[in-house]
Amino acid sequence: MEIPYNVEARPDTGVYNAKLGVWLFLASEVMLFGALFSSYVLLRTGAPPGTWHHGREFLNVPLATLNTIILIASSVTMVMSWASLKLNDFRKYRMYMGFTLLAGVGFLIVKGFEYGHKFEVGLFPKSNIFLAIYFTLTGLHGLHVIGGMIVNGYLLGPGAKMWKTEPERFTNRIEVAGLYWHFVDLVWIFLFPTLYLL
Amino acid sequence: MALVDERVAHGHSESHHHELGFWQKYVFSQDHKVIGIQYGFTSLCFLLFGFSLMMMMRWSLAYPNQPIPLVGKLLKASGGIIAPELYNQLGAMHGTIMVFLGIVPLAVGAFGNYVVPLQIGAPDMAFPKLNMASYWSYFIGGVIMLSSFFAPGGAAQSGWTSYPPLSDIAPTGQTMWLFGMLFLIISSVLGSMNFLVTIIQLRAPGLTWMRLPFFVWAQFVTSFLLLLAFPALQAAAVLQMMDRLAGTSFFLPSGLVVSGQQLAVAGGGSPLLWQHLFWFLAHPEVYVLILPAFGIIAEVIANNTRKPLWGYRSMVYAVTFLGFMSFIVWAHHMFMTGMGTVMSTFFQTTTMIISIPSVIVLTALIISLWGASIRYTVPMLFALAFLPMFAIGGLTGLPLGLAPSDIHLHDTYYVIGHFHYVVAPGTIFAMFAGIYYWFPKITGRMMSSKLGQLHFWPSFLFINGIFMPMFIQGLAGVQRRLYDGGASYSHAQPVLHWNVFMSISAWCLALSQIPFIINLFWSIRKGQKVGANPWEATTLEWAAAPSPPIAHGNFPEVPTVVRGPYDYSLPGASQDFVPQHQPQPQEA
């Protein structure tokens with residue numbers, strides 16, 4: 001027996017199953033990053049005056065700005081890829097999804113460069129409590145980026161076959177993957193000022 | 001009942017369509033019923049294992065430094081004596097296993113998976129593949145936890161709460177505890193998301209929110225708690241993992257001295273941070289343990305009193321309110337940490353407020369008994385025992401929620417008595433009620449009532465024998481987590497004799513579970529065969545065939561719900577129950 005509302009929206013709730021599912025999952029993710037941001041606040045406010053290290057002492061703000069621009073751009077291309085499918089243009093979908101994936105790779109390369117530089121000059125998570133929370137938060141965010149890229153890569157490659165058989169369901173998948181991708185982007189928008197600027 | 005006969009008639013022809021292989025059908029199954037049974041079996045095994053750890057601890061408490069019989073042969077190094085280090089491992093793992101691997105998977109994974117889709121008239125859970133992933137993630141987490149006993153230095157030994165700095169510097173077993181916990185959290189988050197989508201999206205036509213069986217409401221609120229509270233522990237586990245593996249000092253303050261030596265870490269961390277993150281999960285977790293129990297008890301009581309639940313709406317509003325409040329009471333576990341009186345005042349106020357909805361639910365259940373001609377079935381016996389037992393557990397919690405009395409009682413056996421009354425004769429009795437109640441749905445056979453009675457009465461007696469003296473010891477100031485049960489403290493001497501009494505009660509409680517285990521396996525093959533609705537119940541799960549077919553949906557056609565969940569003894573009806581999908585009472 002087919003599970004109802006897998007593709008079409010349930011009339012009284014207005015959503016299909018996966019869309020509701022991903023929103024609930026994101027709520028849980030908000031709590032995860034919320035807990036870590038709260039930890040940052042608690043550790044920083046609890047530090048004796050003058051002992052807290054600031055991000056600008058160690059971190060490269062221009063590179064992080066570049067990464068912010070890359071991620072925001074990828075969010076835009078992600079929406080465009082979904083919109084292309086809605087307009088029945090599969091070729092454009094592949095192009096925009098390709099851009100999104102490429103932007104993810106770019107973000108990771110810049111991040112890897114930043115990490116590598118820190119390690120070279122002897123800055124590790126154990127060096128001080130600021131770097132500890134910096135590496136934990138950006139590391140966990142990086143894992144989320146990688147997770148999103150795996151999903152996007154699947155939807156660009158083998159998963160795209162579904163467009164031929166169930167176009168509506170496939171479009172929904174892009175929407176759901178997009179919601180997750182925007183969330184990952186949004187986390188970075190909070191991470192950037194918190195860690196680099198404040 | 002026409003629905004059922006049709007189902008049985010079609011059962012054979014349908015099952016020929018696409019038969020699944022053994023592995024897909026019974027091991028890597030995506031069917032909610034099989035996954036529910038997998039959860040049930042695994043979690044019952046973990047409950048038994050966690051109980052065995054406790055029985056070893058009880059030996060050490062009653063007869064400290066004496067070789068333990070039977071299992072003593074395994075402890076060659078210490079000559080059969082339970083050393084303090086081993087006692088700490090047993091204590092930490094007993095708590096972890098009972099809460100995270102036993103009761104939550106049984107209450108949510110097993111009962112939720114099996115019953116919720118049936119009660120809302122759905123063919124399966126919304127995401128069957130995620131459901132399977134959720135079970136196997138739980139299974140892997142459990143295996144990691146169990147194997148941590150063989151790690152160098154043994155399993156986790158910093159209590160089930162894993163408070164740093166102690167846990168930061170504990171042996172390898174603690175790292176495995178954290179990894180195991182990550183798997184369990186992933187399992188819970190996936191599972192709870194699945195339940196929420198299932199309940200919101202897959203309700204049968206006509207099944208409006210106020211027509212949902214109370215059990216579904218309880219699972220609904222529980223899922224929200226799991227979804228939103230567990231990530232805090234996930235964050236905490238990641239931070240502790242960084243402390244242990246990457247040398248950070250999130251939970252290690254500057255200048256910490258261990259064994260006379262200052263730790264070579266950067267410092268600047270806060271042990272209290274862990275406690276905040278941990279209890280942000282673990283207080284909602286307490287309600288995760290009790291809400292499904294409320295749900296089961298409500299179903300059993302409505303069915304056996306043959307009356308609608310008294311105050312169904314109030315109960316629904318109460319559990320919803322309870323869910324919200326449970327997120328802002330966590331620091332009542334931390335009155336002794338020196339976090340300040342302003343914080344304490346806030347959290348004891350919220351704690352007093354949260355006791356109100358629990359009392360509403362309990363009161364509604366007790367009033368439901370009023371004037372009923374009660375059927376004293378085995379599930380009903382457990383449900384009736386639940387009410388006073390949970391009341392004792394809940395009411396003894398009030399002095400702990402108020403800072404002045406908590407200062408005296410904190411970390412004593414009074415605390416152990418309090419929460420064990422909530423979860424052992426409370427939740428676990430509700431789980432037993434649920435097993436006896438839904439067993440005929442799962443297998444098509446009844447469990448033996450005689451063996452059930454033989455299980456219930458001694459269990460009821462001995463479980464009180466274990467936990468009641470804990471209040472006496474706790475009020476006398478005997479502290480928890482002592483491997484000798486307080487023998488080395490002079491203030492504990494007047495109440496020390498209770499240790500032997502409690503330990504013998506615990507071992508007798510173990511013996512009382514033998515009729516249950518025999519009953520469970522015997523009834524699968526030899527139990528009395530029954531039809532789809534042996535308890536003459538009203539909710540939708542009883543409209544499905546007994547032992548509903550695997551992987552072919554639950555109902556031959558989607559049932560349409562026309563009435564509330566508990567239309568028992570409806571005036572004008574020919575029978576004393578009218579199922580939710582039955583249009584006219586006269587037809588019944």
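Visitor: Which residues in H3(B) meet B:Asn499, B:Val500, B:Met502, B:Ser503, B:Ala506, B:Trp507 and B:Ala510 in H16(B)?
Guide: Helices here are DSSP runs of H or I of at least four residues, strands are runs of E of at least two, and both are numbered from the N terminus. Two residues are in contact if their C-beta atoms, placed from the backbone, lie within 7 Å. By that rule, the residues in H3(B) that meet the listed part of H16(B) are B:Phe51, B:Met54, B:Met55, B:Arg58, B:Trp59, B:Leu61 and B:Ala62.

Visitor: What pLDDT do local features need in this model?
Guide: Residues are numbered from 1 along each chain as its sequence is written, while chains are lettered from A and ligands numbered from 1 in the order in which they are written. This is a predicted model, in which totals for chains, interfaces and linings use all residues, side-chain atom pairs count only at pLDDT 80 or more, and local features need pLDDT of at least 70.

Visitor: How are H3(B) and H16(B) oriented to each other?
Guide: Axes are lines fitted to C-alpha atoms, for helices over the stretch in contact, and angles run from 0 to 180 degrees between N-to-C directions. Helix H3 (residues 32-62) and helix H16 (residues 498-512) of chain B pack at about 155 degrees, with their axes 9 Å apart. Angles under 35 degrees count as roughly parallel, over 145 as roughly antiparallel, 65 to 115 as roughly perpendicular and the rest as oblique. The angle therefore makes H3(B), relative to H16(B), roughly antiparallel.

Visitor: Is the crossing of H3(B) and H16(B) left-handed or right-handed?
Guide: A crossing is left-handed if the near helix is turned anticlockwise from the far one by less than a right angle, and right-handed if clockwise. For H3(B) and H16(B), the crossing is left-handed.

Visitor: Which chain B helix gives the most to the side of chain B that touches chain A?
Guide: Between the chains, 34 residues of chain B are in contact with 31 residues of chain A. Helix H6 (173-201), H7 and helix H8 (271-305) of chain B each give two or more residues to that side. With 9 residues, the element that gives the most is H7(B).

Visitor: How do the residues of the contact of H5(A) with H7(B) divide into nonpolar, polar and charged?
Guide: Helix H5 (residues 129-156) of chain A and helix H7 (residues 214-245) of chain B pack at an angle of about 125 degrees, with their axes 11 Å apart, which makes H5(A) oblique to H7(B). A:Ala132, A:Thr136 and A:Leu140 of H5(A) make the contact with B:Val238, B:Leu239 and B:Met242 of H7(B). Ala, Val, Leu, Ile, Met, Phe, Trp, Tyr, Cys and Pro count as nonpolar, Asp, Glu, Lys and Arg as charged, and the others, Gly among them, as polar. The residues of this contact therefore divide into 5 nonpolar, 1 polar and no charged.

Visitor: Is B:Leu365 buried or exposed?
Guide: B:Leu365 lies in helix H10 (residues 341-368) of chain B, and touches B:Ile297, B:Ala298, B:Ile301 and B:Leu387, not counting residues up to four places away in sequence. A residue is buried if 20 or more other C-beta atoms, placed from the backbone, lie within 10 Å of its own, exposed if 12 or fewer, and partly exposed in between. Because B:Leu365 has 26 other C-beta atoms within 10 Å, this residue is buried.

Visitor: Which residues in H11(B) meet B:Ser355, B:Ser358, B:Leu362, B:Leu365 and B:Ile366 in H10(B)?
Guide: H10(B) and helix H11 (residues 378-395) of chain B pack at an angle of about 160 degrees, with their axes 11 Å apart, which makes H10(B) roughly antiparallel to H11(B). H10(B) passes H11(B) in a left-handed crossing. The residues in H11(B) that meet the listed part of H10(B) are B:Leu387, B:Phe390, B:Ala391 and B:Gly394.

Visitor: Which residues of H17(B) are buried?
Guide: What covers the buried residues of H17(B) includes helix H14 (413-443) and helix H15 (449-475) of chain B. The buried residues themselves are B:Pro515, B:Phe516, B:Asn519, B:Leu520 and B:Ser523.

Visitor: Which residues does B:Asp411 touch, not counting residues up to four places away in sequence?
Guide: B:Asp411 lies in the loop between helix H13 (403-409) and H14 of chain B, and is partly exposed, with 13 other C-beta atoms within 10 Å. Beyond those sequence neighbours, B:Asp411 touches B:Gln479 and B:Arg480.
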